[in-house]
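Please look through the sequence and the structure shown here before reading on.

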Amino acid sequence: MITVRHLKKVFKDSSKELTVLSDVNCEIRKGEVISIIGPSGTGKSTFLRCLNRLEEATAGHIEIDGVDILDRRVDASLLRRKMGMVFQNFNLFEHLTILDNITLCPRTLLGQSKADAEKRGMELLEMVGLHDKAGSLPSELSGGQKQRAAIARCLAMNPEIILFDEPTSALDPTMVSEVLAVIRRLAAQGMTMAIVSHEMQFVRDVSTRVFFMYGGEIYEEGTPQQIFDAPQKPVTKAFVNRIRSLNFRLENRHYDLYGMFGQIETFCSKYGLGNSRTMAVQHTVEEMLSEILPFTGPVSLDLEYSEKTYGLSLLITQENVSSPVLSGCDSDSVSLKLVRGMSKSVSEPENGLIRVEF
Ligand code: ADP
Ligand code: MG
């Protein structure tokens with residue numbers, strides 16, 4: 001249904017250029033529910049806006065049902081009729097009633113009669129649970145109700161695909177689920193949708209495929225199981241496991257141990273990790289650096305905490321070491337026993353890396 005090839009978008013102003021999309025390639029088939037996730041500022045909104053030509057692509061091809069929509073001869077308004085878009089901030093006309101918001105475009109653009117448009121409008125309001133709000137103004141509705149009205153308005157144009165740009169992120173948390181319930185229902189009815197969302201549980205439940213956007217491209221894509229349970233690439237892993245990290249690089253033996261202790265304590269208290277884990281990390285760092293590692297070159301320490309699994313790991317990398325060792329110390333050394341006692345596990349060194357789990 002939609003094929004995107006080498007889509008590129010560069011924002012230019014007088015002084016600088018910003019490449020937001022460098023090379024986006026994908027296909028969206030009829031009936032698919034595609035979720036687009038990724039850190040903010042990676043171009044998710046820009047991608048959706050290029051799809052329906054609210055934003056002009058710098059280069060590349062977007063084909064919809066075989067028509068290249070970047071061809072200037074293609075009428076953008078015809079295209080937008082095929083594609084509905086639901087925005088974070090609803091974009092309802094504040095001076096029109098909910099029903100008038102819904103019937104405006106079908107009447108003016110599709111030439112529907114007032115009676116037909118209102119009949120269909122009421123069916124759609126029924127479907128999104130707002131039958132009794134037809135005569136209300138948007139200002140009389142809650143955020144969740146406004147967003148459901150915006151979805152009904154979008155459906156009134158009989159789109160072939162709906163693009164959602166963070167449909168719940170402007171909502172009070174108590175109203176998120178009523179909007180997600182409506183989107184779930186559309187998915188169950190086979191509506192083709194592309195959804196930018198930070199609601200990970202929802203994304204997991206509702207999507208046929210997930211695109212993880214990073215660095216101006218679709219960095220990794222797969223089924224929700226592949227992306228959330230077995231991501232292949234490092235940035236995807238860090239994102240889905242919500243990994244927070246603290247990093248040190250020590251050039252030589254003259255490192256500031258107590259300065260590091262302070263930073264570890266701040267990091268651990270920020271994520272509520274508790275005293276015993278904090279002290280275990282500190283003592284492990286001390287033992288590793290003073291007794292266990294041969295200090296032959298720079299050493300990197302990465303403390304990683306997953307807000308998803310609550311796992312805390314310390315990764316110790318010895319640079320310039322071809323076959324790293326816990327040398328200067330056999331496996332029975334007191335220091336190593338101490339570290340094993342304080343942690344859940346200590347990995348065998350591999351490619352210069354030792355991983356300690358707490
Ligand atoms: P996301 O939706 O993933 O958070 P966006 O697509 O909104 O990301 O934005 C990606 C980047 O493009 C951001 O750095 C943003 O500041 C920039 N950007 C978005 N729209 C414009 C614009 N109209 N002019 C210049 N820069 C823009
Ligand atoms: Mg955005």
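A search of the whole structure, which is a predicted model, finds zero disulfides.

**Cysteines**

- A disulfide is a covalent bond between the sulfur atoms of two cysteines.
- The cysteine sulfur closest to that of C105 belongs to C154 and is 10 Å away, which is too far for a bond, because a disulfide needs the two sulfur atoms to be within 2.5 Å.
- C154 is likewise in no disulfide, and its nearest cysteine sulfur is that of C105.
- C105 is partly exposed, with a relative accessible area of 28%, whereas C154, at 8% relative accessibility, counts as buried.

- A polar backbone atom of G41 is 2.7 Å from an oxygen atom of ligand 1, while a polar side-chain atom of S45 lies 2.8 Å from an oxygen atom of the ligand.
- In the side chain of T46, an N or O atom is 2.5 Å from an oxygen atom of ligand 1.
- On its own, ligand 1 has 560 Å² of accessible area, and the protein covers 58% of that area.

**Salt bridges**

- The structure holds 18 salt bridges, and one of them joins E27 with R5, whose closest N and O atoms are 3.1 Å apart.
- This pair links distant parts of the chain, since E27 is in strand β2 and R5 is in strand β1 (residues 2-12), 22 residues apart.
- Both partners count as partly exposed, E27 at 35% relative accessibility and R5 at 33%.
- E55 forms a salt bridge with R49, with 3.4 Å between the closest N and O atoms; here E55 counts as buried at 19% relative accessibility, whereas R49 counts as partly exposed at 27%.
- In the salt bridge between D71 and R73, the closest N and O atoms are 2.8 Å apart; D71 is partly exposed, with a relative accessible area of 26%, and R73 is exposed, with 75%.
- Elsewhere, salt bridges that share partners join R29, E32, R209 and E221 into one network.

Technical notes:
Residues numbered from 1 in each chain as written. Chains lettered and ligands numbered in written order. Predicted model: local features only at pLDDT ≥ 70, side-chain atom pairs only at ≥ 80, totals over all residues. Heavy atoms only, no water. Buried < 20%, exposed > 50% of the residue type's maximum accessible area, 1.4 Å probe, protein only. Polar contact = N/O pair within 3.5 Å; in protein donor to acceptor, adjacent residues only side chain to side chain. Areas by Shrake-Rupley, 256 points an atom, 1.4 Å probe, with all protein chains shown as cover. Salt bridge = Lys/Arg side-chain N within 4 Å of Asp/Glu carboxyl O. Helix = DSSP H or I, 4+ residues; strand = E, 2+ residues; numbered from the N terminus.
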